[in-house]
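Please report on the fold, the packing and selected loop residues of the structure shown here.

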Amino acid sequence: MKELPIPETYEQEFKYMPLGTIIEQVLDFIEQEVDKKTTVLDLMSGPGYLLGRIKSLRPDLELTGVDIDERYINFAKNKYRNINFIISDALEFKPNKKFDLIICTAGLHHLPYEKQEEFVRKISGLLNREGYCIIADP
């Protein structure tokens, strides 16, 4: 797998096209449409930028981020202390609960093509019965 940039650099990329556009659309949806107290899981959360933005808009939501890159999770834990971050491979992640909303923005393309279907199937098993998922990838 290609080495990703340091967390500070990667976080800056989220502000520009096409990632910035995707993030703004996801934020608009979450701000306006997501019920109070919703549990949100961000798979392949990177350095936590999106969850940090969500927390500032919707402090009522319970947020969890998962990423395989220890640098990103350590960065996120230090920067966004009121969000739960876990180091794990998204394909291997086994939480002790299900979630109301699962998001994955700009992460799917990091998986080998032959693993993408498995990943999408895994998401359905992590959702509550009435839960839903947002996958957005440029």
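Leaving aside its neighbours within four places in sequence, which residues is Ser 45 in contact with?

The model is predicted. Beyond four places in sequence, Ser 45 contacts Leu 51, Gly 65, Val 66, Asp 67, Ile 73 and Phe 85. Ser 45 sits in the loop between β1 and α3. Its relative accessibility is 5%. The limit for buried is under 20%, so Ser 45 counts as buried.

Met 44 belongs to that loop between β1 and α3 as well. Its relative accessible area is 17%, and Met 44 is therefore buried. The backbone has a feature to check here: Met 44 is not a glycine, yet its phi is positive, about 60°.

## The sheet

Five strands make up an open sheet. Their order is β3-β2-β1-β4-β5, and the pairing is parallel. Which strands stand at the edges? They are β3 (84-87) and β5. Each has a single partner strand, so one side of each lacks a neighbour in the sheet. Neighbouring strands are turned against each other by 20° on average, with direction ignored.

β4 and β5 run parallel and are joined by six bridges. Cys 104 stands opposite Ile 135, a residue of β5.

## Helices on the sheet

Helix α2 packs on the sheet and touches β4 and β5. The direction of α2 makes about 155° with that of β5.

Helix α5 covers residues 113-126. It lies across β1 (39-43), β4 and β5. Relative to β5, α5 runs at about 145°.

## Nonpolar cores

The largest nonpolar core has 28 residues. Which of them touch the most other members? Ile 54 and Ile 103 do. Five elements each supply at least two residues of this core: α2 (19-33), α3 (49-57), α4 (70-79), β4 (99-105) and β5 (127-136). The largest share comes from α2, with six residues.

Ile 54 shows how the chain comes together here. Setting aside neighbours within four places in sequence, Ile 54 is in contact with Leu 27, Ile 30, Leu 61, Leu 63 and Ile 103. Another core, of 16 residues, lies apart from the largest one. Its members include Leu 41, Leu 43, Met 44 and Phe 93.

## The aromatic pair

How many aromatic pairs does the structure hold? It holds one. Phe 29 and Tyr 132 form this pair. The geometry is edge-to-face, with 6.1 Å centre to centre and 85° between the planes. An angle over 60 degrees counts as edge-to-face.

Tyr 132 has a relative accessible area of 30%, so Tyr 132 is partly exposed.

## The loop between β4 and α5

Ala 106 lies in the loop between β4 and α5. Its relative accessible area is 6%, so Ala 106 is buried. Ala 106 has a positive phi, near 60°, although this residue is other than glycine.

Gly 107 is found in the loop between β4 and α5 too. At 1% relative accessibility, Gly 107 counts as buried. Gly 107 and Ala 136 are 29 residues apart in sequence, with their C-alpha atoms 8.1 Å apart in space.

## His 109

His 109 lies in the loop between β4 and α5. Its relative accessibility is 45%, so His 109 counts as partly exposed. What does His 109 touch, not counting residues up to four places away in sequence? The partners are Gln 116 and Asp 137. His 109 and Asp 137 are 28 residues apart along the chain, and 7.1 Å separates their C-alpha atoms.

The side chain of His 109 also makes a polar contact with the side chain of His 110, at 3.3 Å.

How values were computed
Residues are numbered from 1 along each chain as its sequence is written. This is a predicted model: local features need pLDDT of at least 70, side-chain atom pairs count only at pLDDT 80 or more; totals for chains, interfaces and linings use all residues. Side-chain values use heavy atoms; hydrogens and water are left out. A nonpolar core is a set of buried Ala, Val, Leu, Ile, Met, Phe, Trp, Tyr and Cys residues joined through side-chain atoms within 4.5 Å. Buried means under 20% relative accessible area, exposed over 50%, partly exposed in between (1.4 Å probe, protein chains only). Helices (H or I, at least four residues) and strands (E, at least two) are DSSP runs, numbered from the N terminus. Contact means heavy atoms within 4.5 Å. Two strands pair if DSSP finds at least two bridges between them. Axes are lines fitted to C-alpha atoms, for helices over the stretch in contact, and angles run from 0 to 180 degrees between N-to-C directions. Rings of Phe, Tyr and Trp (its six-membered ring) pair if their centres lie within 6.5 Å; planes under 30 degrees apart count as stacked, over 60 as edge-to-face and the rest as tilted. A polar contact is a pair of N or O atoms within 3.5 Å; within protein, one must be able to donate a hydrogen and the other to accept it, and residues adjacent in sequence count only if both atoms are side-chain atoms.
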